[in-house]
Structure formats: C-alpha cells, structure tokens
Amino acid sequence: MNIRSLTRGDGVVIGAAVLLLIASFLDIYSFDGAPDSAEIPSLWGSGPVVLGVVLAGVIGAALVVVSHAMPQPKKVAGLDLGQFGIAFTVFAAWSALGNIFDPAGAFDNDGPVSGLSAGIGLILALVATLVMAAAAVATPLVPALKGSLVPAARPAAPQPYGGQPQGGYGYPGAQQQPYGGQPGQPGQPGQPGPSFGGQPQPGQPQAAQPQAPQQAQAQPAGDFSPFWFAVPVPRPLFGEDGSPTPIAELAPGTWYLAVEQRGANLVAQTQDGRRGVLQDTSGIQRG
C-alpha cells in the first residue's frame with residue numbers, strides 16, 4: 001500500500017468517517033423539556049442505526065481509502081473495492097436521513113412520539129455521511145479532489161543514472177570546470193602543469209593541449225540530463241520493446257528517475273531498477 005497515492009478526496013472521506021465515529025457516542029434523540037439527569041442512549045444503543053449508519057459509513061470509507069492506496073485495484077464480483085465503498089457510503093447517508101425524519105423508529109414502530117426529535121448524534125451522523133458520500137462520488141470527477149493528499153518530498157539533489165555517487169561530469173549537480181580553469185595552467189611561470197592522466201608533476205613544464213575534444217567526449221550525448229520527476233496521477237510504464245502491456249504503474253507522491261528522452265516520451269527507472277517508457281508526460285513535476 002502506498003499512502004502517497006491517496007487524494008484530497010480520500011482525506012475528506014477519512015475526516016467524515018472520524019466525525020461519524022464521534023457522533024456515534026452522542027445522543028440519538030432528545031425530548032422537549034427533558035431534565036439534565038435524563039439518560040438518553042447514544043447511536044450505539046440502536047441496532048438499526050449502528051448497522052445502517054455507523055458501520056456502513058465506516059466500512060464504506062475504509063473500502064474507498066484502501067482501494068486508492070493499493071497499487072493494483074482489487075475486484076469482488078467484477079466490481080472494484082472503491083465502488084463497493086461508494087455504495088456503502090451512499091447507503092449510510094440514506095439511512096441517516098431516514099432516522100432524522102423518524103428518530104423513534106429505531107426503538108418504537110408504533111408511530112411518532114410526542115416531543116421526541118433527532119438528537120445531536122443523529123444530526124452529526126447525517127452531516128458526516130452526506131459529506132462522505134459526496135466526496136467518494138466526486139473524487140474521480142473533480143480535479144481539485146484528485147490532487148495528492150501527501151505532497152512528495154523533493155530530493156536533496158538528483159543522482160546520476162545507476163545510483164553512482166553524485167559529482168560525475170555531465171550529470172545534474174556536478175561541479176564542472178570551465179575550459180582553461182584548471183589549477184596550474186601550462187605556460188604560467190612557477191606553476192606546474194598537469195601530467196598525462198590528470199596528476200600534476202611539480203617542476204615539469206607541460207605543453208598546452210587542446211581541451212575541446214576531451215570536453216566534448218565527457219559531455220553526455222545531446223542536451224538531456226537525468227532528472228527526478230513525479231506524476232500527478234497513476235500512469236502506466238510500458239516496456240522499452242514497445243509491448244502494449246504495462247510493466248509497472250507510477251504512483252503519485254513517489255519520485256522516479258528519468259534516464260532518457262525519446263521524442264515526447266521519457267525512459268524512467270523505478271525503485272526496483274526496472275526501466276520502461278512513460279508515454280504520458282503531461283503535468284509531471286520535476287525534482
């Protein structure tokens with residue numbers, strides 16, 4: 001499970017579930033003129049309210065969040081867990097609405113009771129389940145709710161391809177020396193020049209060597225440099241052989257290393273070392 005793949009909509013669902021749990025310990029109904037010493041049961045004192053509102057809402061919220069945190073969606077009877085979760089949250093909101101209109105129905109089916117009304121527990125439960133159901137349904141449709149709940153932490157500095165120590169010439173973050181800026185320039189009196197292999201030899205005059213060919217050999221091909229990036233939504237990573245079957249799925253909130261660019265596509269490397277082609281590069285965040 002990847003917590004960083006959770007969305008802002010999932011955060012709203014989690015918050016509504018917490019509010020529902022708090023409401024379940026409050027009064028289920030209230031009497032007009034009831035004394036302060038009167039013992040009024042909470043939502044846990046009614047079986048229909050517990051099963052139809054509290055447990056249905058909490059289970060639905062858990063299914064929605066778990067389905068988004070899993071790398072591959074699980075299916076039951078051909079339906080995703082998230083779809084089951086949405087159905088549970090809508091059912092919980094519908095049940096809470098029914099109990100608001102008839103709070104005595106959870107205990108007495110003989111008809112309305114004079115002076116009896118919905119308590120603070122039922123009211124908060126209705127608010128929580130309505131918010132929960134609305135967030136669960138709207139998250140796949142509203143772009144603002146599809147954003148990452150936990151922002152990805154930026155890496156301190158990008159590492160070169162293959163995990164080699166930083167500082168190699170031509171990689172991001174490397175300290176590159178300008179042409180002619182090496183210590184001990186040839187031709188300057190009293191300063192030794194570099195010998196073959198780059199080691200300075202005191203007292204040995206060195207002839208100036210052209211540096212442009214060496215510098216051209218040290219630079220990577222083209223203008224591309226490896227960089228870290230994160231995707232805004234889950235996206236498939238296809239094999240480099242052009243196979244239509246994805247080899248992995250890139251999750252939001254995780255940094256991946258781009259090692260090559262092929263036109264509008266990127267060749268990315270996952271944490272376990274697999275390489276593939278990212279065809280949809282729109283909206284990616286560079287590190």
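The following legends describe close-up views of a predicted model.

**Conventions.** In this predicted model, local features need pLDDT of at least 70 and side-chain atom pairs count only at pLDDT 80 or more, while totals for chains, interfaces and linings use all residues. Residues are numbered from 1 along each chain as its sequence is written, and side-chain values use heavy atoms, with hydrogens and water left out.

**View 1. The chain as a whole.** The chain contains five helices and eleven strands; these are DSSP runs numbered from the N terminus, with at least four residues (H or I) for a helix and at least two (E) for a strand. Of its 287 residues, 33% count as buried. Here, buried means under 20% relative accessible area, exposed means over 50%, and partly exposed lies in between (1.4 Å probe, protein chains only). Among contacts between residues at least 6 apart in sequence, 61% join residues at least 24 apart, a contact being heavy atoms within 4.5 Å.

**View 2. Helix H3 against helix H4.** Helix H3 (residues 81-101) packs with helix H4 (residues 120-138) at an angle of about 150 degrees, and their axes are 8 Å apart. Axes are lines fitted to C-alpha atoms, for helices over the stretch in contact, and angles run from 0 to 180 degrees between N-to-C directions. H3 is therefore roughly antiparallel to H4; angles over 145 degrees are given this name, those under 35 count as roughly parallel, 65 to 115 as roughly perpendicular, and the rest as oblique. The crossing of H3 and H4 is left-handed, meaning that the near helix is turned anticlockwise from the far one by less than a right angle, whereas clockwise would be right-handed. Residues of H3 in the contact include Ile86, Val90 and Leu97, and those of H4 include Leu122, Leu126 and Val137. By class, this contact of H3 with H4 has 16 nonpolar, three polar and no charged residues. Nonpolar covers Ala, Val, Leu, Ile, Met, Phe, Trp, Tyr, Cys and Pro; charged covers Asp, Glu, Lys and Arg; the others, Gly among them, are polar.

**View 3. Helix H1 against helix H4.** The axes of helix H1 (residues 8-23) and H4 come within 8 Å and cross at roughly 165 degrees. H1 and H4 are therefore roughly antiparallel to each other, and H1 passes H4 in a left-handed crossing. Among the residues in contact are Val12, Leu19 and Leu20 of H1, with Leu124, Val131 and Met132 of H4. The contact of H1 with H4 divides into 14 nonpolar, three polar and no charged residues.

**View 4. The salt bridge of Arg235 and Asp280.** A salt bridge is a side-chain nitrogen of Lys or Arg within 4 Å of a carboxyl oxygen of Asp or Glu, and the count by this rule is five. In the bridge between Arg235 and Asp280, the closest N and O atoms are 3.5 Å apart. Arg235 belongs to strand S6 (residues 235-238) and Asp280 to the loop between strands S10 (275-278) and S11 (285-286), so the pair ties together parts that are 45 residues apart in sequence. Arg235 is buried, with a relative accessible area of 7%, whereas Asp280 is partly exposed at 37%.

**View 5. The network around Glu240.** Glu240 forms a salt bridge with Arg262, the closest N and O atoms being 2.8 Å apart. A salt bridge also joins Glu240 to Arg275, with the closest N and O atoms 3.2 Å apart. Salt bridges that share partners link Glu240, Glu260, Arg262 and Arg275 into one network.
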